[in-house]
Amino acid sequence: MTKDKYILWSDINLDFDDWKDDLQAEYPGMSENDLISKMYELNAEYLSDERANLDKQFLQPIIIIGDIGRWNGRVQGYKMIDSGNLKDCLYTDCDMAEWYIDRRGDLRCDAVHHDGTNHYLYRVFKDNASETQIENLQNKIYFGKATRSDITRVTKRLGDEINKVYGIDLPFAKEKPPREPER
């Protein structure tokens with residue numbers, strides 16, 4: 001855990017020096033190149049473990065709000081995870097990725113590919129979100145008009161559910177108590 005985020009899984013900047021002693025003890029006599037390959041193989045297996053740990057089904061779909069790095073600039077967009085299962089957030093077709101809980105308690109991903117880096121925010125729609133509210137948010141995202149307030153009005157963060165699985169102390173991501181309605 002860093003000051004501003006808790007990393008769930010990453011293959012960005014894997015440091016062989018961090019793995020070397022354990023790998024040499026587990027696989028004596030293996031060449032350094034083979035040990036590096038083993039590091040990547042084991043790390044990929046850890047992602048499968050994360051998916052198994054985060055097999056949490058929601059009643060509503062999950063939306064991925066993306067800031068996409070392309071060869072011709074950045075674009076905004078979204079993708080729906082219609083399954084509504086938390087584990088389905090941990091997939092990418094990019095070269096490298098890092099999933100983490102940010103300082104707000106949101107699940108995020110930085111995904112690196114040949115044209116740049118994509119930044120994803122994952123939110124699940126609230127149980128009482130209507131189809132109209134979902135469509136309105138999708139349209140705002142599509143046209144680049146969605147604000148944080150628009151997003152939090154009809155979705156909730158996923159960090160709280162992840163915290164239930166891992167019991168992570170996220171002092172930087174405490175949920176603010178709901179505001180009392182004015183009378």
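Which residues form a nonpolar patch on the surface? Tyr78, Tyr142 and Phe143 do, in this predicted model. Together they have about 380 Å² of accessible area.

Take Phe143. Phe143 sits in the loop between helix H3, residues 131-142, and helix H4, residues 148-154. Its relative accessible area is 57%, so with exposed set at over 50%, Phe143 counts as exposed.

Now the inside. In soluble globular proteins, nonpolar side chains tend to be buried together. Here, the largest nonpolar core has 24 residues. Trp99, Leu107, Tyr122 and Leu158 have the most contacts inside that core. Five strands each supply at least two of its residues: S1 (6-10), S2 (62-70), S4 (96-101), S5 (107-113) and S6 (116-125). Another core lies apart from it, with 11 residues, including Ile63, Leu121, Phe125 and Ile141.

Back to Leu107. What does Leu107 touch, leaving out residues up to four places away in sequence? Among its partners are Leu8, Leu86, Cys89, Trp99, Tyr122, Leu158 and Ile162. Gly159 is on that list too.

Last, helix H2, residues 32-53. How far apart are its end C-alpha atoms? They are 31 Å apart. At 1.5 Å a residue, its 22 residues should span 32 Å, so the two values agree.

Which residues of H2 are buried? Leu35, Lys38, Met39, Leu42, Asn43, Leu47, Glu50 and Arg51. In an α-helix, residues three or four places apart point the same way, because there are 3.6 residues a turn. The buried residues of H2 pack against S1, helix H1 (16-26), S4 and helix H5 (159-166).

Technical notes
Residues are numbered from 1 along each chain as its sequence is written. This is a predicted model: local features need pLDDT of at least 70, side-chain atom pairs count only at pLDDT 80 or more; totals for chains, interfaces and linings use all residues. Side-chain values use heavy atoms; hydrogens and water are left out. A nonpolar core is a set of buried Ala, Val, Leu, Ile, Met, Phe, Trp, Tyr and Cys residues joined through side-chain atoms within 4.5 Å. Buried means under 20% relative accessible area, exposed over 50%, partly exposed in between (1.4 Å probe, protein chains only). Helices (H or I, at least four residues) and strands (E, at least two) are DSSP runs, numbered from the N terminus. Contact means heavy atoms within 4.5 Å. Patches are made of residues with over 30% relative accessible area and no salt bridge: like charges are joined within 9 Å, nonpolar side chains (Val, Leu, Ile, Met, Phe, Trp, Tyr) within 5 Å. Accessible areas come from the Shrake-Rupley method with a 1.4 Å probe; for residues, only the protein chains shown count as cover. A salt bridge is a side-chain nitrogen of Lys or Arg within 4 Å of a carboxyl oxygen of Asp or Glu. The expected span of a helix is 1.5 Å times one less than its number of residues.
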